[in-house]
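Opening my notebook on this one. I'll jot down what I looked up, entry by entry.

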Amino acid sequence: MTTPTGDDRAHLDRLLDAMTAAGVDALLLGHEDGIRWVTGADRLRLTGTRPFAPACVVVRATRTAHLLATSDAGLPAFLDVDHVYGPSWDLVTLATRVAAVPGLARARTVGTDGTDPTVEDVLAAFLPVATFVDAGPLLRGVRRRTSPADRAGIAAAIGVAQRGLATVVGTVAPGVTERRLSGAFAGRIGRLGATMPAFATATCVAGTAPRSFPGERTLAAGDLVTLRGGVVLDGWLGLVARTRAVGGATAGQVSAAEAALETLRLVTTACRPGRPVGSLRARPDVRAVDGLGTDLAPIGADDPLAVDDVCWIEVAVDGVLLGDVVHVGTDATVPLTGVPYGLG
Amino acid sequence: MAATADAPIDLDRLRRDRRERLVTEARAAGLDAVLLIGSAGVTYATGADTPTADVGVARPRRTVALVPTDGSLPHLWTWWPDGAPPDLPVDHVLPGLHLDDDHDAAALGTAVAERTGTGAVIGVDDRTWSLRRALVDLTTVDARPALGRARLVKTPDEIACIRRAQHLNERAIAEIGPLVAPGTTPAELTGAFLECCAGLGATGTVLDPVWQVVAPAVGAGPRSVTGDVAFPVAGGTDPFADGDLVWVDTGVEVHGYGSDYGTTWDVGAAHPRRAEQWSRLRAVLDAVTAAVRPGATGADLTRAARETEAGRRTPWLRHLYLAHGIGTAPAEAPLIGTDLGDEVDAATVLGPGTVLVLEPVIWDDGDGGVRCEEILLVTAGGCERLSAPGTPEAR
């Protein structure tokens, strides 16, 4: 089984180095996508958001991580069962277990990725010398810069998303429902081992704006159908978006597809180090420019891009939706996605 | 006559009834407005559709709801405007916000202050750091107790949603169950399950489907820190083998409501003790079900379960619960049989309209064990089962 870090503690070490540079003694992390980036733990995936809870503790003094879990299942080799603290429905019991993590009680500056008021009050009582600070910028800074191994993980996830998309494309025909297309994607990616769709597959007949929810609508000749598929594989997100014409494209549809591709290429080319993302998002027809890794991370409008950023770009022109994952390389920005853009 | 899974769902009434419950509870708690950023709460308060998504996508693209308690309509900030409920006027549906971005969070803080006025008490269900900074001049309190009380009693349409989700989940399992055989992989099962659920009309999944091969003894691993079976854990990749004991846990969504389907499979021939374990599990379910009625406490349920298995292991996983509520969150109040202890269970009093998922476990270390789930609705006279029976001889 592979995970974002495999059995390699490279991410944890990068994070610890960043903590040292920022003067952060310990981290309490609650968001699962961040925890899987740091530790590589392969744990049950749930949909939706949950309030902050201290599910992972990283201590600079001991240079290790501890996880909230019931067992060592899915842990990387460098974290054994001694790095697990058990769950409790009682916040005081949980805080006692967290505070017992070696080295944490002496940590003065403790970063967290959430600020649930009740949880924070209880933790503060058990960690009396700690000052809680926003760990968001530190985490984003470390997670954004991808390594070749990270990009291989992202590429593998994209590979699965593309194979799912190929199955959907093979299913597109007049008379097929949007829902059946979504099912075809979910079925294929599940069989390929990517059990959690990164987001529910949107396979919709195009309207004036891209639709997000497939339904019972039946595809008819002359329709454009937008296909947006995402997967989580070994913790990494893989996304792709394309549009296909049902029963042959009209001249108008072909020119919309050309315009969409031109915009996508322009934005890709413009994703260069130093460029603030806001200027790219402001272009007409651009729907998203976000960071991508174990999450779809917002990049602030004034935040300049940097070498080894990986971004998700999505554009839409007259019902034609296109989306690629791109890597901001030293010499050029290149798509990691490799599916034909045409409508056929 | 008992309602069926095809019972009509009136989505307008569903939204109206839920909002009324939330506003009543929030007002009783002294709140002037509720600001929700968690997916379960936003779905409950507004009925806004959001694509089912892994947390890595759901967290950066939260849907946000501001629900005033003066009876006026909520405001919704969403990345998916086509998922906004039709009862919200267009000027109440606003573009999605990045709540980890100070600029976006400040815009939300300003909007909240403008709509509630200074001095208002705002209930919140969660905060990002950026949102905390943005709300610093407002009085905020934890909205979850009020939200929890509202969700404790389900409206008829909520019950219809749960029933439909559960029925859909049961049909999908019936369809893919025969695939479970030596040589099949969990991924193949997942693929078939997801495809089937989508075809049947599910709008998403609640969790990665769990088809966990469980060793017959806890000591055989994974290494548990609770003394109980480590469950649920993420799916393995090895093909199923003859003699495998597989614990199943799945959930799919219909209109934001999850199902919760649990069962146990033996791959190939069943272990010699399995039939006896299933009948003990049935006995626990029957005893607990008999105890479920308005006025009964959580402690009545745990007592019924323990007495049925007197002298043996506690018949549920102690890091989880004997029973939990279900709704727009996969596990919500009431939670019964948790490590919060008997006193908390004794203070949990059941009332009509509460939905409970029972998930008892029979475990004989060395011989493995069985688990399943059954969903009960507390009614005026006792309870009604919303799911199919969870044990094989009762099906």
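First, a cut-off I need: buried means under 20% relative accessible area, exposed means over 50%, and partly exposed is in between. I also keep in mind that this is a predicted model.

Entry on a surface patch. I looked up A:Trp89 and got 34% relative accessibility, so A:Trp89 counts as partly exposed. A:Trp89 sits in the chain A loop between β4 (84-85) and α3 (91-99). Together with B:Leu340 and B:Val344, A:Trp89 makes a nonpolar surface patch of about 230 Å².

Entry on a sheet. In chain B I found an open sheet of six strands, in the order β4-β3-β2-β1-β5-β6, with mixed pairing. Its edge strands are β4 (93-95) and β6 (139-142) of chain B, each pairing on one side only. On average, neighbouring strands here are turned by 20 degrees against each other, direction ignored. I then checked β2 (residues 64-68) and β3 (residues 75-78) of chain B, which pair in the antiparallel sense over three bridges. Within that pair, B:Ala65 stands opposite B:Leu76.

Entry on salt bridges. A:Asp116 is buried at 1% relative accessible area, while B:Arg144 is partly exposed at 24%.

Last one: B:Glu373 and B:Arg371 meet in a salt bridge at 2.8 Å, N to O, and both are buried.

Note on methods
Residues numbered from 1 in each chain as written. Chains lettered and ligands numbered in written order. Predicted model: local features only at pLDDT ≥ 70, side-chain atom pairs only at ≥ 80, totals over all residues. Heavy atoms only, no water. Patch = residues over 30% accessible without salt bridge, like charges linked within 9 Å, V, L, I, M, F, W, Y side chains within 5 Å. Areas by Shrake-Rupley, 256 points an atom, 1.4 Å probe, with all protein chains shown as cover. Salt bridge = Lys/Arg side-chain N within 4 Å of Asp/Glu carboxyl O. Helix = DSSP H or I, 4+ residues; strand = E, 2+ residues; numbered from the N terminus. Buried < 20%, exposed > 50% of the residue type's maximum accessible area, 1.4 Å probe, protein only. Pairing = 2+ DSSP bridges. Axes fitted to C-alpha atoms, helices over the stretch in contact; angles between N-to-C directions.
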